Structure formats: C-alpha cells, structure tokens
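Keep the viewer open and follow along, heading by heading.

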Amino acid sequence: FRKSDVVRVDWYGRGPHECVCDRKRSALVGRYSAAPETLATVYTRPQENGQRCDLRFLDLVAGDGTVTRISSPRLFGFTLRSCSVETLAAARHIDDVRDEGFWELILDAAQRGVGGDDSWGANVLPQYRLQPGSGTATFSFQ
C-alpha cells in the first residue's frame, strides 16, 4: 500500500500490543485502533515483529477516509510494516531497517509459535507447530 493508503489501522482481535499464537495471554480480545507506524516492535536484532492475532476483521483507513475491510470466516493475524520482509531478513542491525515508503501487509491464516519455554532452545510445543493444511484461509476485501 502507498503510505497515504493507510493512516490508521482498526481491528477486532487481540491487542493492543503485538502477540503470537504461543504468547498472547496479555493481549486481550477487543477493538483497537492505531497509527500504522506504531505497530512495530523494535528489537535490538531485527526480526519479525508487530504481529496481531485472533482477528475477526481488519480495517485499513486511508487519508481520505476510505476504509478497506479485510475479514475471514476463521481467526487470522496481520503484520503491517514500512519495509519488505526481504529488507527485514537481510538486516543485521536495527539501523539497517529503513522506511521504504510503503506499507507491506502480511495476512496469516496460521503461525508457528516462537517457543523459548526454556533457555536451552527447546522446540516449540506441539500445539503451536504448523501442520500440513493448517494454513488454508479465505479472505474477503471490502
């Protein structure tokens, strides 16, 4: 999306802060609204961030007030950021992540957990692993 295409993000799901499938208890289900530039979580080492999960719908509000609503019959997740996934993956330091002049929207039908249940690198618990077929989703755009 062009920057002017999204000046506010409204959603009904978990929030207001980022959450992932195995780290979401503190993110309560409700209606939330935020400026898109506030959705990112800045980590010392650049990595995926800013995910919101268990959404019923997502509204992207443009500068002229036009709303694009994204919904699905299943709960879903989203990430919105001002750089591409390729730029984020290639970054070694937070200063390598730059605003690329657009919003990249990622919609998730399913997500693997982040794990970290111990300090020795144990695998993600079985219920938070992606299984074949778990990523099927249908989205509608209005």
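The model you are looking at is a predicted one.

## Aromatic rings

Let us turn to the rings. The structure holds four aromatic pairs. One of them joins W11 and F78, whose ring centres are 5.7 Å apart. The planes of W11 and F78 meet at 65°, and because an angle over 60 degrees counts as edge-to-face, that is the label for this pair. W11 sits in strand β1 (residues 8–15) and F78 in strand β4 (residues 67–81), so the contact ties together parts that are 67 residues apart in sequence.

Both partners are hidden from solvent by the accessibility rule: W11 is buried at 1% relative accessibility, and F78 is buried at 1% as well. Together with Y32, W11 and F78 make up one aromatic cluster.

## Charges over rings

Two further contacts bring a charged side chain to a ring. K3 lies over the face of W103, at 3.7 Å from the ring centre. The charged end of R56 sits over the ring of Y12, 5.3 Å from its centre.

## Cysteines

How many disulfides does the model contain? The count comes to zero. C21 shows the reasoning well: its sulfur is 7.4 Å from the closest cysteine sulfur, which belongs to C53. A disulfide needs the two sulfur atoms within 2.5 Å, so C21 and C53 are too far apart for a bond.

Are C19 and C21 buried or exposed? C19 has 3% relative accessibility and therefore counts as buried. C21, at 18%, is also under the 20% cut-off, so this cysteine counts as buried too.

## The largest pocket

Finally, have a look at the largest pocket, which holds about 350 Å³ of space. Its lining is made of 16 residues, and V20, E48, N49, Q111 and V114 are the ones that lie nearest its centre. Sorted by class, the lining of this pocket has five nonpolar, six polar and five charged residues.

Conventions: Residues numbered from 1 in each chain as written. Predicted model: local features only at pLDDT ≥ 70, side-chain atom pairs only at ≥ 80, totals over all residues. Heavy atoms only, no water. 1 Å grid on protein atoms, 1.4 Å probe; cavity = no way out; pocket = protein on both sides within 12 Å on 5 of 7 lines; lining within 4 Å. Points joined across faces, edges and corners; volume = space filled by probe spheres on them. Nonpolar A, V, L, I, M, F, W, Y, C, P; charged D, E, K, R; others polar. Buried < 20%, exposed > 50% of the residue type's maximum accessible area, 1.4 Å probe, protein only. Phe/Tyr/Trp six-rings, centres within 6.5 Å; stacked < 30°, edge-to-face > 60°. Helix = DSSP H or I, 4+ residues; strand = E, 2+ residues; numbered from the N terminus. Lys NZ or Arg CZ within 6 Å of the ring centre and 35° of its normal.
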